[in-house]
Amino acid sequence: MIRLMGLVAGIKGIGDKPVGAVKEALDAVGKEDGDIDNDGDKDSSDKYLKARRDAIGKSMEKKEEIGPKDAVDSGEYDYEGDMAKNQLQTIIRNAQMLHDMLADDTNLPEWVQNKISLAKEYTESAAQYISSEKDQNGTAEVPGAAGAVPAPSGTM
């Protein structure tokens, strides 16, 4: 019973101060004191918080700001056209194989129908993007890509 009373006393307050009795307001800008966590005393938790804030500040100073000019890495675009053409040839070959195997009345599992629909949507989306880039800047490459070459007329 005494132990329970001690717990209740501990919940109500610690020592002479009831919980919530110390309500220190935040320090005004430029008037900060050593009580960083504003709990009414200056202790090891304040030292920890100060050290942590200082470390974060130093880390932030070291980082370079990344702006829009850095968004596209010049080394990012290397032979993607060749890779894309190889993948498109594989898509064409597989699409032709599927086309030749299917009759108009063939029933397909739902997952196969979904895969075919997604492939159609993805290739359409990529083609529309490249086509609009070509229309806007006269090249078949993405703006910012290293070595953008004008697209040959009559393609796409």
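I looked up the lining of the second largest pocket first: α3 (80–101) and α4 (110–137) each supply at least two of its residues. This is a predicted model, where local features need pLDDT of at least 70, side-chain atom pairs count only at pLDDT 80 or more, and totals for chains, interfaces and linings use all residues. Residues are numbered from 1 along each chain as its sequence is written, and side-chain values use heavy atoms, without hydrogens and water.

I took helices as DSSP runs (H or I, at least four residues), numbered from the N terminus. A pocket here is an open set of points on a 1 Å grid over the protein atoms alone, where a 1.4 Å probe fits, with protein on both sides within 12 Å along at least five of seven lines; lining residues have an atom within 4 Å of a point.

I noted about 280 Å³ of space in this pocket. α3 gives the largest share of the lining, six residues. The lining includes H99 and K120.

I then checked K120 for partners. Its side chain meets that of E124 in a salt bridge at 3.3 Å, N to O (a Lys or Arg side-chain nitrogen within 4 Å of an Asp or Glu carboxyl oxygen). E124 and K120 are four residues apart in α4, about one helical turn. K120 is partly exposed at 49% relative accessibility (buried is under 20%, exposed over 50%, partly exposed in between; 1.4 Å probe, protein chains only).

I searched the whole structure and found two salt bridges. K50 and D54 form one of them, at 3.2 Å. Both lie in α2 (residues 44–62).

Key:
Points joined across faces, edges and corners; volume = space filled by probe spheres on them.
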